[in-house]
Amino acid sequence: QVRLVESGEGLVQPGGSLRLSCAASGSISSTYAMGWYRQAPGQERDLVARITSDGSSNYADSVKGRFTISRDNAKNTAYLQMNSLKPEDSAVYYCNAVHGVFRSLIYWGQGTQVTVSS
């Protein structure tokens with residue numbers, strides 16, 4: 001099975017930037033879409049950004065223009081570059097991978113904490 005490991009947690013001031021990484025254990029370039037989700041305490045886990053194996057991406061309205069998802073297929077790694085961070089961006093961020101054809105095959109990382117505060 002695919003194993004995902006996130007990194008890049010941290011505390012950042014409003015307006016600052018942070019980059020998250022998600023490393024996959026195996027090759028996902030030709031098969032899986034990659035996504036970033038976030039979940040704040042007491043709230044649902046919501047999609048932040050998603051990128052297909054071909055590099056097509058989409059974003060939640062709340063992060064458009066501020067966040068950028070990317071992937072390096074040679075390294076089996078996805079990234080989330082977060083700029084102009086706001087306190088409401090604070091959450092645990094989760095990486096996931098979804099098979100491009102067999103959509104029931106879904107894998108999640110362990111999550112990484114992002115806190116935006118003065």
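**Strand pairing and salt bridges in a predicted model**

Biologist: Which strand is joined to strand β3 (residues 18-24), and by how many bridges?

Modeller: Strand β3 (residues 18-24) is joined to β8 by 6 bridges, and the two run antiparallel; strands here are DSSP runs (E, at least two residues) numbered from the N terminus, and two strands pair if DSSP finds at least two bridges between them. This is a predicted model, in which local features need pLDDT of at least 70 and side-chain atom pairs count only at pLDDT 80 or more, while totals for chains, interfaces and linings use all residues. Residues are numbered from 1 along each chain as its sequence is written, and side-chain values use heavy atoms, with hydrogens and water left out.

Biologist: What is the bridge partner of Leu-18 in β8?

Modeller: Leu-18 has Met-82 as its bridge partner in β8.

Biologist: And what is the strand order in the open sheet?

Modeller: The open sheet is formed by 4 strands in the order β1-β3-β8-β7, with antiparallel pairing. Its edge strands, β1 (4-7) and β7, each pair on one side only, and the twist averages 15 degrees from one strand to the next, where axes are lines fitted to C-alpha atoms and angles run from 0 to 180 degrees between N-to-C directions.

Biologist: Switching to charges, how many salt bridges does the structure hold?

Modeller: The structure holds 3 salt bridges, each being a side-chain nitrogen of Lys or Arg within 4 Å of a carboxyl oxygen of Asp or Glu. One of them pairs Asp-89 with Arg-38, whose closest N and O atoms are 2.9 Å apart. Asp-89 lies in the loop between β8 (77-82) and β9 (91-99) and Arg-38 in strand β4 (residues 32-39), so this pair ties together parts that are 51 residues apart in sequence.

Biologist: Is that pair buried or exposed?

Modeller: Asp-89 counts as buried at 0% relative accessibility, and Arg-38 also counts as buried, at 14%; buried means under 20% relative accessible area, exposed over 50%, and partly exposed in between, using a 1.4 Å probe and protein chains only.

Biologist: Which side chain meets Asp-89 in a salt bridge at 2.7 Å?

Modeller: That is Arg-66, at 2.7 Å from N to O. Arg-66 sits in the loop between β6 (57-59) and β7 (67-72), and Asp-89 in the loop between β8 and β9, 23 residues apart. Arg-66 and Asp-89 are both buried, and salt bridges that share partners join Arg-38, Arg-66 and Asp-89 into one network.

Biologist: What about Lys-64, which partner does that one have?

Modeller: Lys-64 forms a salt bridge with Asp-61, the closest N and O atoms being 3.1 Å apart, and both Lys-64 and Asp-61 are exposed.
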